[in-house]
Amino acid sequence: MSKLTTLVDFIYEKQADFPFATGELSRILSSISLASKMVSRDVRQAGLVDHILGAQGVDNIQGEAQQKLDLVADTAFINAFEQGGDVCGIASEENDDFLAFPSAHAQKGKYVVLFDPLDGSSNIDVNVSIGTIFSIYRRISSEGTPATLEDMLQAGTEQIAAGYVLYGSSTMLVYTTGKGVHGFTLDPSTGEFCLSHPDMKMPERGRMYAMNEGNINTCEPGLKEYIAYCQSNDNDYNAPYSGRYIGSLVADFHRNLIKGGIYIYPAIPASPEGRLRLLYECNPLAFLAEQAGGLATTGRKRILEIKPSALHQRIPYFVGSKLMVEKAMSLLQK
Ligand code: AHG
Ligand code: MN
Ligand code: MN
């Protein structure tokens, strides 16, 4: 049997690739791995245990009904980061404001983490794949002081690492530190993430598009034209593409990363700025997409170069195989 490489082995092996190789990033990734195993365990008990399924009974700052699992996941990740000592603060989709960790120990941390603790909340109660998305930055403020808003509002180009955990038919952790994209599958028998998808590359094109087509009538003409192109015989495959929309960005992204495809969430009247959040969803997946050879844009400009103006900022999102995103952009800009 060939030797299994665990996530822990792998991140320590790769530590030297990291520009500030002092072990902190490895420890943060270990914290993410630990929290994600706890969330994965809870997800696997959904339906059996009372505190997992259903709504919490409150809305988050974005007016969305929080699910119990949104909060279970949020707490698991916040605790892991706070206790780890390398993270001075976090921002999460589920919290109104960012958190600057108060302890002197945490304030010495050099990093901030921004995350969507549970992506695909509407799929929790119906046993469909969901995930966690994260993004790690070096702080701008001085070490030993509380984390600041400025630490959180950095352009995606400044990400040190990013990734996601997919609680699907298996649990996978996929991450990049800017040296390719690597995927690990959780072995439930040993509780270890094992390297299963080294150096992932997104195919240049694919035959699947993911969009909530219920919104198509309200989309701009260029996007209607792109979807018509996907559905026609007059495209690069001379046959209609398949529509695949899970409604969990992280799961749609993961499929497109492996098989090739495009995910689109445009600006629509109900979400005039787009629906997805720049800091917690779009930037981390944009970093992964680019590292895997794909693209991520607003339809007009590169996601990673946008200077964020607010924590919960939303943005139109086109992410996936390079040639597909380029084609969509060419029709939008016509
Ligand atoms: P979240 O569950 O973190 O709020 O994110 C949901 C996102 C994304 O995962 C998904 O693709 C999209 O919202 C679904 O939106 P629609 O229901 O409008 O299609
Ligand atoms: Mn989400
Ligand atoms: Mn979420």
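Which residue bridges the manganese ion (ligand 3) and the manganese ion (ligand 2)? In this predicted model, the bridging residue is D116, and the two ions lie 3.7 Å apart.

The manganese ion (ligand 2) is held by D116 (OD), D119 (OD) and E281 (OE). These donors sit at 1.9 to 2.1 Å. Their spacing along the sequence is D-x2-D-x161-E. The manganese ion (ligand 3) has E93 (OE), D116 (OD) and L118 (O) as its protein donors, 2.2 Å away. Here the spacing reads E-x22-D-x1-L.

D116 and D119 are both buried. D116 has 0% relative accessibility and therefore counts as buried, the cut-off being under 20%. L118 has a relative accessible area of 1%, so this residue is buried too.

Attention next turned to the nonpolar interior. In soluble globular proteins, nonpolar side chains tend to be buried together. The largest nonpolar core contains 53 residues. Within this core, Y164, Y226, F253, L257, I303 and Y317 touch the most other members. Helix α8 (residues 278-291) supplies the largest share, seven residues. Both domain 1 (7-197) and domain 2 (208-333) contribute to this core, with at least three residues each. A separate core of 38 residues lies apart from it, and includes I78, F134, I160 and F193.

F253 illustrates the packing in the largest core. Beyond its neighbours within four places in sequence, F253 is in contact with Y164, M202, L285, L288, A289 and V319.

How values were computed. Residues numbered from 1 in each chain as written. Chains lettered and ligands numbered in written order. Predicted model: local features only at pLDDT ≥ 70, side-chain atom pairs only at ≥ 80, totals over all residues. Heavy atoms only, no water. Donors = N, O, S within 2.8 Å, 3.2 Å for Na, K, Ca; no water. Buried < 20%, exposed > 50% of the residue type's maximum accessible area, 1.4 Å probe, protein only. Core = buried A, V, L, I, M, F, W, Y, C linked by side-chain atoms within 4.5 Å. Helix = DSSP H or I, 4+ residues; strand = E, 2+ residues; numbered from the N terminus. Domains from an automatic or database assignment. Contact = heavy atoms within 4.5 Å.
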